[in-house]
Amino acid sequence: MESATKVFSKKGFTKATMKNVMEEAKISRGSLYAHFNNIEELFLEALMYDDILNEHSLIKLENEELSPEKFTNWIVNLFNLLDTPGRNLTRAKSEFFLLYSKNQVPYLEDRKERLEEILFSYISEGTNNKVFRSDVDINSYIDIFITSIDGLMLSLSSRLENKNKITKKINILADMLVNYII
């Protein structure tokens, strides 16, 4: 799966081919097609693999002591994945999400719901423990949170800006998202 993730990271979803993955993984056509019928199935599996890795950071966040600083650090660390070679699926995800709906690929809705549940649980606990404001509409906040993170990730995936500008934007977004709920 790491080879497929590397290929999708380099080429995106629309330009990646089964042949690219075979070459990266150094496996035969038969080996790859024994597990996946097409590039869509392979990408969906790569997406699930990537989601598992990302969920570990969410679960870690849930298990840590509640604090605005930890929430800010978690947001900033999400963007560190953009600098991990072979792990940035932002462009591939965008292409895939534009081509397929949640009706065609139910997993897309499942993954969004899981993220919303984890964030809802974390923010609710923070609200109950008076770490976060109690007057926040948590569902609306989560929707804006996800949209903002996704938008900045997509914008930054083009890599047209220098590292300092990118870091500044990430820190501003993290501060905005956290300061709203404290």
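Predicted model: local features only at pLDDT ≥ 70, side-chain atom pairs only at ≥ 80, totals over all residues.
**Stop 1: the largest pocket.** Start by selecting Lys93, Phe97, Arg111, Leu115 and Asp150, which lie nearest the centre of the largest pocket. You're looking into about 960 Å³ of space, with 35 residues lining it. Now colour the helices H4 (39-63), H5 (68-80), H6 (90-99), H7 (106-128) and H8 (138-156): each of them supplies at least two residues of that lining. Which helix gives the largest share of the lining? That's H8, with 9 residues.

Stop 2: Select Ser57, Lys60, Asn73, Trp74 and Asn77, the closest to its centre among the 12 residues that line it. The elements giving two or more residues to this lining are H4 and H5. By class, the lining of the second largest pocket has 5 nonpolar, 4 polar and 3 charged residues.

**Stop 3: two lysines in loops.** A bit of background first: most residues other than glycine have a negative phi. Go to Lys26, in the loop between helix H2 (18-25) and helix H3 (29-35). Its phi is positive, near 60°. Is Lys26 buried or exposed? Lys26 has 73% relative accessibility, so it counts as exposed, the cut-off being over 50%.

Then jump to Lys130, in the loop between H7 and H8. Phi of Lys130 is also a positive value, near 60°. Lys130 counts as exposed because its relative accessibility is 74%.

Technical notes:
Residues numbered from 1 in each chain as written. Heavy atoms only, no water. 1 Å grid on protein atoms, 1.4 Å probe; cavity = no way out; pocket = protein on both sides within 12 Å on 5 of 7 lines; lining within 4 Å. Points joined across faces, edges and corners; volume = space filled by probe spheres on them. Helix = DSSP H or I, 4+ residues; strand = E, 2+ residues; numbered from the N terminus. Nonpolar A, V, L, I, M, F, W, Y, C, P; charged D, E, K, R; others polar. Buried < 20%, exposed > 50% of the residue type's maximum accessible area, 1.4 Å probe, protein only.
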